[in-house]
Structure formats: C-alpha cells, structure tokens
Amino acid sequence: MENVKNVTITIDNITTEVPANYTVLEAARSVNIDIPTLCYLKSINEVASCRVCLVEIEGSNGMQTACVHPVREGMAIKTNTKQLRETRKEVLELALASHNRECLTCNRNNNCELQTMVEELGVEEITFKNRKSESKLDSKSDSIVRDSSKCILCGRCVSVCKDVQKIGILDFTNRGIHTEVAPAFNKSMKDTPCIYCGQCITSCPVAALREKEDIDKVWEAIEDPNVHVVVQTAPAVRAALGEEFGLPIGTRVTGKMVASLKRLGFNKVFDTNFAADLTIMEEGHELIDRLENHGKLPMITSCSPGWVRYCEYNYPEFIENLSTCKSPHQMMGAMVKSYYAEKENIDPKDIYVVSVMPCTSKKSEAARPELTVNGLRDVDAVVTTRELAKMIKQARINFLKLEDESFDSALGEYSGAGVIFGATGGVMEAALRTVADVLGKEALENVEFTEVRGIEGIKEAEVKVGDKTIKVAVAHGTSKAAQLLEMVKSGEKEYHFIEMMGCSGGCVTGGGQPHVTATEKMDLDIRVARAKALYEEDALQQVRKSHENPVIQKLYKEFLGKPNSHKAHGLLHTHYLAKEKYPIHNDTDNEVSVEYLKEVAASHN
C-alpha cells in the first residue's frame with residue numbers, strides 16, 4: 001500500500017495532522033466534528049449535490065463542499081459560523097419545499113435522515129413556496145414501492161444501483177424542477193430487470209423507496225382461528241433486529257426474537273437455519289453428483305433470489321450451472337406443508353407460512369409460480385426485519401425486557417453451518433463442511449474454512465478433499481458476480497463450485513435490514529459487525545455440520561429417504577428461466593413505443 005503523507009490543518013481552532021488524501025469531511029470527523037451531509041455515501045455517492053456540507057476555508061472564494069474538497073497543508077477551516085448555519089437552513093428549506101412533508105404517517109418517521117437534520121439544524125419554518133410535485137407511486141412489484149413525492153434527488157440510490165450493483169435501473173430523468181429519479185421512461189420497477197435486492201432502499205435517506213409491506217396480511221392470518229400460522233426467521237435477522245430497539249449494530253438477539261414471535265401469536269416458530277442445513281444436504285450432494293458424474297460445472301448456489309434474477313436477466317447461459325435447490329426458506333415452506341403437516345395431521349391448505357427475511361427480493365421469490373407444490377405456495381408471506389420490528393412495536397411488546405426463548409423443536413434445531421448462511425462465504429463454508437466429510441470419508445476436525453470468509457469482493461480457495469482438489473470461489477454483490485462470471489466465460493478461471501450473493505456482505509446487509517445512516521457507515525462496516533454475530537453463534541453450537549443435525553437425519557429417515565431422492569426433488573428443487581430485460585406488452589399506465597423499449601434493452605446488453 002502506498003504511504004500517504006500527513007498534512008497539518010486547523011479545523012474550528014483545532015490543529016491536527018491528517019492523511020493528505022483526506023477530504024475536509026473526513027478530516028473533521030477525525031477530530032469529532034460532525035459536518036452534516038445528505039447526499040454523501042462513503043465511497044459510493046460523493047458528488048456534493050445537496051450542499052448541506054458547506055464549510056468556510058481561509059483564502060477560498062465562497063463556501064466549499066466538505067465531502068469532496070481535499071485537505072492541504074496549512075488549511076484553516078471553519079464549520080460553524082452564522083453564515084454556514086443560515087445557509088444550511090436555506091438548503092434544507094429548499095429541499096423541504098418540494099418534499100412530501102406528511103412526516104407523522106411516513107414509513108420513515110423518526111428514522112429519516114432529512115427529518116433528523118431539520119431538527120438538529122433548527123429549521124423551524126419554510127420560507128420558500130411549496131413546490132411539491134404530484135406523487136407518483138409505483139407499487140406494482142412484490143418487493144419495492146417507489147414514491148417520487150418523497151425523493152430529495154440526492155442520487156444515493158442511483159449510485160448504488162449503477163456503480164455498486166452495476167445494474168442501473170434508476171437514474172435522473174427530465175430537467176430542472178421536473179427532475180426525478182425513476183427507471184427509463186418512468187416504467188414500473190416491475191417492468192425492468194430490477195433484481196429487488198433493495199440496496200436502493202437501504203441507501204435512501206428518506207422514504208422515497210421502501211419495501212412492499214405484508215404486515216396486514218400476516219396479522220389477518222394470525223387472527224383467523226381456522227389458519228395454522230407458522231413463522232420462520234432467517235439467520236441474518238437475529239444479527240440486526242436489535243438495532244430497531246436501540247441495541248448496537250451486530251448485537252445477536254436470537255432468544256428475544258423467538259420470544260417476541262411467540263407473543264405475536266404464531267402457532268409455531270421455526271428457524272430457517274434448519275432449512276439451511278437441509279439445503280446443504282441437497283446442494284452438497286448435488287455438487288458431489290456433478291463432480292462424480294461429469295455434471296455441469298461450475299455449480300453455482302441459488303440461495304440468493306436477487307442473484308438468481310440477475311443471472312436470469314444478464315447471464316442466461318449460466319442457468320444450467322445454477323443449483324436446482326430451492327432457497328432455504330422455500331424449502332422450509334415445502335417441509336411445513338408436507339412433512340410437518342403430515343406429522344401434525346393438519347391439512348396443508350390450512351397452513352400459512354410466514355418468512356422473516358433480511359431480503360426484499362425474497363418477497364418476489366415467494367411469488368414465483370415455480371415455487372409451489374400441489375398448487376400451494378411454499379411461502380405465503382414474507383416480512384423483512386424492519387417489518388417484524390414494526391409488528392413487535394404495534395403489539396406493544398417490550399422487546400428489550402423479554403426473556404430468551406427457544407425455537408419450536410419440530411423444525412427449529414440447527415447446526416452452526418446453518419447460521420453462517422447469512423454472511424458472504426457462509427453457504428460455501430457450510431457446504432464444504434459436509435462435502436469434505438462425504439468425499440473424504442472421515443469426519444473433518446477443523447470445520448472453519450477461513451479462506452472464504454471476509455468482505456473481499458471475490459474470494460478463491462482450493463480445498464483438498466480425499467483424493468480430490470475442489471476449486472471454489474465466492475462473490476458478493478452483482479458487480480462482483482458479473483466480474484467472476486466473465487472470468488469463467490473467458491476461460492481465465494476454472495472452478496467446481498461458486499457461491500453468489502446479490503448484496504455486498506451477503507444477507508446481513510440485505511434490503512430488508514434496519515436502516516443505518518450514512519454517518520454510521522463512515523465509522524463502521526456493518527457487513528463485518530453483523531457477520532461477526534453469526535460466526536459467534538456458529539461457534540456456540542455443539543453440532544457445526546449440517547449432516548450431523550439429528551433432526552435433519554430424522555427427516556431423511558422418516559420422510560425424504562436420501563438427499564436428491566425423487567421425493568426430495570419434488571419438494572425441494574426447482575428450475576429457473578431466462579428473462580427478457582424489458583418485456584414489451586400493452587400497459588396503459590406506461591405507453592412507450594416498442595422502438596424506444598428496444599433501444600433501452602439494447603443499451604443494457
């Protein structure tokens with residue numbers, strides 16, 4: 001790494017040394033001075049468009065934007081003067097003049113970066129004429145709702161979608177006071193190659209983007225005496241739910257989460273970790289079969305629905321490489337409506353399965369027609385971590401004072417391998433723990449494959465298993481997934497097994513996880529903090545390999561027979577199809593010529 005020299009600067013009469021490649025914003029934070037920002041998102045959106053971060057620099061004409069202005073030797077900076085305070089207020093007033101200010105009923109009330117800044121900077125009135133545009137609400141998809149009346153044109157969602165995920169669904173359209181952020185030709189997000197990863201939602205400082213909520217549907221099911229409601233929670237939820245109740249980022253709240261779900265009225269509370277173990281049994285043996293019988297390689301994981309959609313839209317030539325396994329929560333739904341229903345003598349039609357997920361794309365996944373058995377959806381409703389927190393608050397449950405409780409045993413026992421599914425590299429590590437035992441024909445003592453852990457965009461490893469060397473790779477975030485697939489296509493790289501996750505960091509940073517402000521993200525890598533909670537829970541488990549989970553063993557003995565059996569395929573496996581990026585159909589709400597749509601599709605190829 002190149003050595004960076006330090007420079008001496010003065011900020012608000014504090015003299016300090018900082019690296020010469022710092023911006024004024026970074027330098028100020030190093031001495032605990034918090035310059036306000038709205039559009040800034042570290043390493044992602046550093047464009048100085050909001051003008052809230054203005055500072056005064058001695059010798060410079062006018063005020064400067066701290067988020068992009070580099071420091072220099074001897075620089076003298078002021079961050080708190082009358083002119084700056086008044087100018088920042090005016091900037092916020094201008095933003096509010098065109099903003100939907102129905103804050104009390106807003107999805108982000110008391111958790112909005114704009115609202116917080118207005119309060120902190122003392123904006124008490126809006127002196128500019130109200131220029132609020134007519135609300136354009138796009139709620140057609142199963143996952144994401146877009147409300148243009150709340151957009152402040154910060155560009156954070158645009159940069160995340162275009163520069164981080166490399167998808168580019170959202171962009172600035174129109175000009176002047178008519179500028180808005182939207183898909184091309186103001187199409188619904190449903191009619192674009194959006195993968196519903198929700199990274200636009202977690203980057204948005206307001207409520208211009210949010211998940212499509214299923215809370216009311218779930219309450220209705222819980223209160224129906226004729227419906228048996230089963231809930232399951234993904235691994236990553238336990239590593240983030242506590243943040244909604246004021247706990248530090250990455251606090252593990254497994255027991256309190258289970259206790260709250262039982263108080264909400266669910267008939268059974270199961271753990272998706274169990275189904276993660278089941279996924280490893282199916283996926284691990286599918287990999288072994290492909291290795292031993294010259295199957296399609298590299299085999300690529302299919303747990304992340306955002307990644308699967310990305311593959312269907314952008315790399316259809318790799319669809320045959322995808323594992324045919326359903327994702328863990330879909331497997332759980334299938335088991336609840338078959339194995340569990342049979343054991344409890346309940347008609348599957350009377351069972352309602354709710355998944356609590358860190359992921360907004362899981363909502364669209366659950367609605368896929370391929371994910372049904374005997375005409376019944378595997379999963380009936382998906383709520384995000386944020387939605388679960390809302391339900392707990394609506395029920396007036398004091399989350400922090402709850403005593404820890406345990407998952408219901410029927411489908412609630414899990415191994416450490418199931419827990420780490422929520423972190424990038426976790427699916428790969430869990431699979432290797434089982435594949436190594438099966439192919440090596442002996443129990444692996446060291447179960448931690450640290451070479452596939454961490455937040456490096458692409459990770460590679462070679463694992464010696466018996467007389468075989470398995471080449472594996474892990475990528476997280478669709479831009480890194482594309483980079484890896486291009487290397488495979490060109491022949492530059494060869495692998496046997498690849499794990500792909502749609503979001504950077506894996507499920508722990510999914511689009512349904514608690515909002516974290518841009519300021520908090522400057523100080524802490526939430527990918528690392530939340531993943532740490534999962535690895536801690538893994539280490540606490542007595543059983544750390546999926547195939548050694550006694551309830552999984554019982555399930556195969558009593559019901560499924562063996563991994564990849566005919567029965568297992570009927571319930572736990574599926575297929576995927578190539579998708580057209582911009583489908584052309586009659587849509588009275590979006591009358592765009594066929595020629596234009598073809599141009600857009602071509603520009604994305």
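**Reading charge and burial in a predicted model**

Guide: Let's begin with charge. The protein has 73 positive and 87 negative side chains, and the centres of these two sets lie 2 Å apart. Keep in mind that this is a predicted model.

Visitor: What helices and strands does the protein have, and how many?

Guide: There are 20 helices and 20 strands in the protein.

Visitor: How does the radius of gyration of the protein stand beside that of a compact globule?

Guide: The idea is to set the value beside what the chain length would give. A compact globule of 605 residues would have a radius of gyration near 25 Å, and the protein has 25 Å, so the two agree. Along the principal axes, the C-alpha trace spans about 75 × 60 × 55 Å.

Visitor: What share of the residues count as buried?

Guide: Residues count as buried when their relative accessible area is under 20%. Here that applies to 59% of the 605 residues. As for the accessible surface, it comes to about 26000 Å², with 46% belonging to carbon and sulfur atoms.

Visitor: Of the contacts between residues at least 6 apart in sequence, what share join residues at least 24 apart?

Guide: In this protein, the share is 73%.

Visitor: Could we look at one residue? Where is R309 found?

Guide: Look in helix α9, which covers residues 305-314. R309 is buried, yet it has no salt bridge. A salt bridge needs a side-chain nitrogen of Lys or Arg within 4 Å of a carboxyl oxygen, and the nearest side chain of opposite charge to R309, E312, is 5.7 Å away.

Visitor: Which residues beyond its neighbours within four places in sequence is R309 in contact with?

Guide: They are T192, C194, I195, Y196, S361, R368 and K579.

Technical notes:
Residues numbered from 1 in each chain as written. Predicted model: local features only at pLDDT ≥ 70, side-chain atom pairs only at ≥ 80, totals over all residues. Heavy atoms only, no water. Helix = DSSP H or I, 4+ residues; strand = E, 2+ residues; numbered from the N terminus. Rg over C-alpha atoms; globule rule 2.2 N^0.38 Å. Buried < 20%, exposed > 50% of the residue type's maximum accessible area, 1.4 Å probe, protein only. Contact = heavy atoms within 4.5 Å. Areas by Shrake-Rupley, 256 points an atom, 1.4 Å probe, with all protein chains shown as cover. Lys, Arg positive; Asp, Glu negative; His and termini not counted. Charge placed at Lys NZ, Arg CZ, Asp CG, Glu CD.
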